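Good morning, and thank you for coming.

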Amino acid sequence: MKKNYSLKNVGILGGGQLARMLVMAGHDLGLRMHVLSENEEDPAAQVTRHWYKGSVDNKKDLVSFLNEVNVATFESEFLDAKLLQEVSRQHQFQIFPRPYLMARLQDRLSQKQLLQKHELNSSSFLEWSPSTTWEDLQKLSKKAVVLKARRFGYDGNGTFILRNLKEYENFLAKNQNSPNGFIVEPFVDFKRELSLICARNKMGQFVHYPLAETLQKDARCFWVKGPVKHNLEKSFIKKCERFLHSINYVGVMGIEIFDCGKELLVNELAPRVHNTGHHSLDSMNYDQFTYHLMCLISADLPEPELVAPGFAMVNLLGENNKDPSWEIPEKAQIYWYGKEKNRPGRKMGHINSIANNPKSALSQALKALKEFSL
Ligand SMILES: Nc1ncnc2c1ncn2[C@@H]1O[C@H](COP(=O)(O)OP(=O)(O)O)[C@@H](O)[C@H]1O
Ligand SMILES: [Mg+2]
């Protein structure tokens with residue numbers, strides 16, 4: 001049966017590159033895309049007529065923005081979740097993924113507890129407090145431990161790998177009074193890191209992309225390639241599906257995974273479109289931004305299909321403060337985010353490549369990267 005979707009006004013809280021790619025996908029679906037962000041030059045503000053200046057953490061700005069749209073989503077899980085819960089309850093705003101889930105997932109401690117409750121394998125952990133001793137930490141691992149800020153960590157910011165008492169003492173000297181606290185995990189000696197992008201709509205339909213391998217450089221995603229296989233993938237993905245159903249999740253979720261050979265451990269969950277899913281703009285019949293919007297407007301989710309046997313994505317990360325210069329590479333698609341200023345480590349864009357196998361796709365993308373001075 002054909003469904004008739006009336007034109008919907010979709011709001012995005014935040015104006016960065018994820019919001020920009022959501023806006024662009026929304027245009028193709030015939031949606032009117034609204035953006036709330038601080039700056040007219042923000043990546044997403046540049047690509048819509050419906051831009052609203054304001055702060056995503058300001059009640060007045062939020063309410064007047066959300067009044068303009070039928071449904072809203074966010075590009076970062078680090079918003080004021082309490083405020084979002086309050087305004088969505090008071091005004092019956094539709095926000096997906098639901099703000100109470102954002103609240104659970106934006107704190108690494110409650111995220112870990114949620115994973116544990118739903119029996120999704122993840123590393124062991126404990127809650128850190130200023131009185132935690134090195135001996136306490138060593139109960140998790142005799143080798144290295146990883147301390148992670150409970151909130152606002154990204155791209156390795158807020159992640160500390162500690163190998164001995166001296167390193168722990170240095171950590172304490174700098175972070176003892178950190179307001180949001182930390183969790184502690186054992187250092188996981190993984191073989192490689194993987195990512196699973198999945199989506200679930202309000203009717204409970206669940207879809208996922210094939211597993212992809214990701215390589216981090218300085219704890220920042222450098223490249224992604226796929227599809228990759230793992231002998232545990234079927235049961236792992238089934239568990240993820242059950243998890244999304246149990247928490248009644250709506251939208252795309254990015255699941256970061258440690259492949260330890262004999263087991264797959266969830267590293268962390270991102271309740272949004274994810275950097276490791278950008279390859280889908282070229283490798284899949286429907287990209288992750290389109291799936292996310294389909295979930296928001298309660299469209300049926302078509303089965304994802306690869307359009308090539310191999311894909312790769314390489315991030316274009318700033319290396320200095322000069323404007324990037326580049327030549328159009330062969331066999332790669334370029335995506336610039338329209339950021340005003342280049343900065344070391346800043347995600348300025350990405351390139352995608354497809355080929356007859358993952359390895360060739362990656363070497364094409366890395367070759368294309370040589371055409372860029374960042
Ligand atoms: N317990 C761990 N053991 C080994 N490496 C880790 C561990 N936790 C994180 N890392 C490394 O640090 C990177 C960043 O950590 P992550 O928890 O994903 O934080 P974020 O991506 O939010 O900065 C991971 O992709 C991984 O390479
Ligand atoms: Mg991560």
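Predicted model: local features only at pLDDT ≥ 70, side-chain atom pairs only at ≥ 80, totals over all residues.

Residues are numbered from 1 along each chain as its sequence is written, chains are lettered from A and ligands numbered from 1 in the order in which they are written, and side-chain values use heavy atoms, with hydrogens and water left out.

The chain is assigned domain 1 (9–95), domain 2 (124–186) and domain 3 (192–373); such bounds come from an automatic or database domain assignment. Between the C-alpha centres of domain 1 and domain 2 the distance is 34 Å.

Let us turn to the sheet. Four strands form an open, antiparallel sheet in the order S5-S8-S6-S7. Strands here are DSSP runs of E with at least two residues, and helices are runs of H or I with at least four, both numbered from the N terminus; two strands pair if DSSP finds at least two bridges between them. Strands S5 (126–127) and S7 (159–162) are at the edges with a single partner strand each, so one side of each has no neighbour in the sheet. Four bridges join S6 (residues 145–149) to S7, and one bridge partner pair is Val146 with Ile161 of S7.

Helix H7 (residues 165–175) lies across S6, S7 and S8, at about 150° to S7. Such angles run from 0 to 180 degrees between N-to-C directions, with axes fitted to C-alpha atoms, for helices over the stretch in contact, where contact means heavy atoms within 4.5 Å.

Which residues touch the most other members of the largest nonpolar core? Among its 32 residues, they are Val10, Met33, Ala199, Tyr291, Leu293 and Leu301. A nonpolar core is a set of buried Ala, Val, Leu, Ile, Met, Phe, Trp, Tyr and Cys residues joined through side-chain atoms within 4.5 Å; buried means under 20% relative accessible area, exposed over 50%, and partly exposed in between, with a 1.4 Å probe and protein chains only. Domain 1 (9–95) and domain 3 (192–373) both contribute residues, so this core lies between them. A second, separate core has 24 residues, including Leu115 and Met253.

Glu256 belongs to strand S13 (residues 251–259) and Glu268 to strand S14 (residues 264–270). Glu256 is buried, at a relative accessible area of 18%.
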